[in-house]
Amino acid sequence: MSSGSGSYEKYITMAASVAATAMLVRSVASELVPYEVRDLLCAAARSLRARVSSRHTVVIDEAEGLSANQIYDAARTYLAARISTDMPRLRVSRVDEAQGITVGMEQGEEMVDVHDGVEYTWTLVSRDGSNPGGGAASGASSAAAAAKGRGRLETKSFEVSFHKRHKDQALKSYLPYVVDTAKAMKDQHRNLKMHMIEYEAWTAIDLRHPSTFDTLAMNKKLKQSVMDDLERFVKRKDYYRRIGRAWKRGYLLYGPPGTGKSSLIAAMANYLKFDIYDLELTEVKCNSDLRRLLVGTSNRSILVVEDIDCSIDLIQREEGEKCARSSSAGEENDDKVTLSGLLNFVDGLWSTSGEERIIVFTTNYRERLDPALLRPGRMDMHIHMGYCTAESFRILATNYHSVENHAMYPEIEQLIEEVMVSPAEVAEVLMRNEDSDVVLQDLLEFLKAKRKGAGESIAANENGTE
């Protein structure tokens, strides 16, 4: 027993001695061998392993020089959606209260992803970049400086490994797939922005308008035709390029006030995940300022000019030419926004300054608009937003009270067909009370009063009185 115990202690002592000797040798090597030589030795070892191994590894660094590596950001987004919660260690974060908790990989963890039958292994690696060679700094002062800057100079990277016979597939198919998938995910979940003019420049705020095509009080067939048109537009990048036209689409929304034109614009933005630029023409001094603002809009955006017929007195093209000629006489004409200036951006040379853009004009009176604004190529789709119908009333009633059918519906729908009432007026009445019976009775009385008032107005006009 004592003999066995002595042998055990002997082995322990020998192992400790070997470990101490190895640490001493490593320390001496770190001090005496320059880091350039160590790097060469490490590189040779890696090269030898690569030749022997059947695996190939692609390194995706967090940054490329001073610029962020977009592929790294895409990989982080892509992997976050596919990460397994069975991992021993996970990293969680949240940078926006409006969004949920983001789960990500922790350093050193591995994750396996399969694409087109090929298995890819992802690893998150963190390295200390405090000195150029990646080895230990020489001297006490260098070590202290490295320790001080370690947190600041730490670099991260994703490493994705796979069988070497799939190298071309990984570079030409898998990584582009990761980037495209991450882009679609970001577009789907990103916060939309509403841009407005402030001090002659765009200022952005979060767009949180809840309107969607599901909640929009609009004719079902018309609604579907708008959605189909939007879907077709965003999928036709190559088509627009092939036919030599700017990748943009123009919509004219016209109809009485309160018929849902602004709600339709918000629904379009939420449907496509496009930002909105609200162009208030009264805030623009001249054509050059207009061009500067319009060029400053981003791709995948909706430019909105509401109430185009009355937001500003646009100088007609003939008058604009007169202004240009009279400028030589010393007249002050540089403070005007002309119709030609607006049209040049809608479908002139300036319209090619961006891609995947939608332009929306709204008006209560289409007949007041210059015909030049209305032709195809400028306003490609004209959408009439009319008064409330029985169909749109049912959508509103479902939205506000979750009531799909009621005993008062037939009488209400008959009155809606007889009087001109906007969806906004109906919605206002439906919001007065949370009791559906009470609020529908209120709506019934409101519509009867409106019909009576319309009848009295007609009678007064027929009798020639006011």
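In helix H8, the buried residues are Lys261, Leu264, Ile265, Ala266, Ala267, Met268, Ala269, Asn270 and Leu272. These values come from a predicted model, and they make 9 of the 12 residues of H8 buried, so the helix is largely enclosed by the rest of the structure. H8 covers residues 261-272 and reaches 17 Å from its first C-alpha to its last, which is close to the 16 Å expected at 1.5 Å a residue. After the helix comes Lys273, whose phi is positive, near 60 degrees.

Which elements cover the buried residues of H8? The cover includes one helix, H6 (220-234), together with strands S11 (248-254), S12 (275-278), S13 (301-305), S14 (357-363) and S15 (381-384).

How many bridges join S11 to S14, and do the two strands run parallel or antiparallel? There are 7 bridges between S11 and S14, and the strands run parallel; Tyr254, for its part, has Thr363 of S14 as its bridge partner. S13 also pairs with S14 in the parallel sense, over 5 bridges, and the partner of Val304 in S14 is Val360.

## Aromatic pairs

The structure holds 12 aromatic pairs. In one of them, the ring centres of Tyr78 and Tyr177 are 5.9 Å apart and the ring planes stand at 80 degrees, so the pair is edge-to-face, the cut-off for that class being over 60 degrees. This pair links distant parts of the chain, with Tyr78 in helix H3 (residues 70-80) and Tyr177 in helix H5 (residues 167-189), 99 residues apart. Tyr78 counts as buried at 1% relative accessibility, whereas Tyr177 is partly exposed, with a relative accessible area of 30%.

Trp122 and Tyr174 form another aromatic pair, which is tilted, with 6.2 Å from centre to centre and 50 degrees between the planes. Trp122 lies in strand S7 (residues 118-128) and Tyr174 in helix H5, so this pair ties together parts that are 52 residues apart in sequence.

## Arginine over tyrosine

Two arginines sit over tyrosine rings: Arg236 lies over the face of Tyr239, at 4.0 Å from the ring centre, and the charged end of Arg368 sits over the ring of Tyr365, 3.9 Å from its centre.

## The chain as a whole

The secondary structure of the protein chain comes to 16 helices and 15 strands, and 36% of its 466 residues count as buried. Among contacts between residues at least 6 apart in sequence, 72% join residues at least 24 apart. The accessible surface of the protein chain comes to about 27,900 Å², and 52% of that area belongs to carbon and sulfur atoms.

Terms used
Residues numbered from 1 in each chain as written. Predicted model: local features only at pLDDT ≥ 70, side-chain atom pairs only at ≥ 80, totals over all residues. Heavy atoms only, no water. Helix = DSSP H or I, 4+ residues; strand = E, 2+ residues; numbered from the N terminus. Expected span 1.5 Å × (residues − 1). Buried < 20%, exposed > 50% of the residue type's maximum accessible area, 1.4 Å probe, protein only. Contact = heavy atoms within 4.5 Å. Areas by Shrake-Rupley, 256 points an atom, 1.4 Å probe, with all protein chains shown as cover. Pairing = 2+ DSSP bridges. Phe/Tyr/Trp six-rings, centres within 6.5 Å; stacked < 30°, edge-to-face > 60°. Lys NZ or Arg CZ within 6 Å of the ring centre and 35° of its normal.
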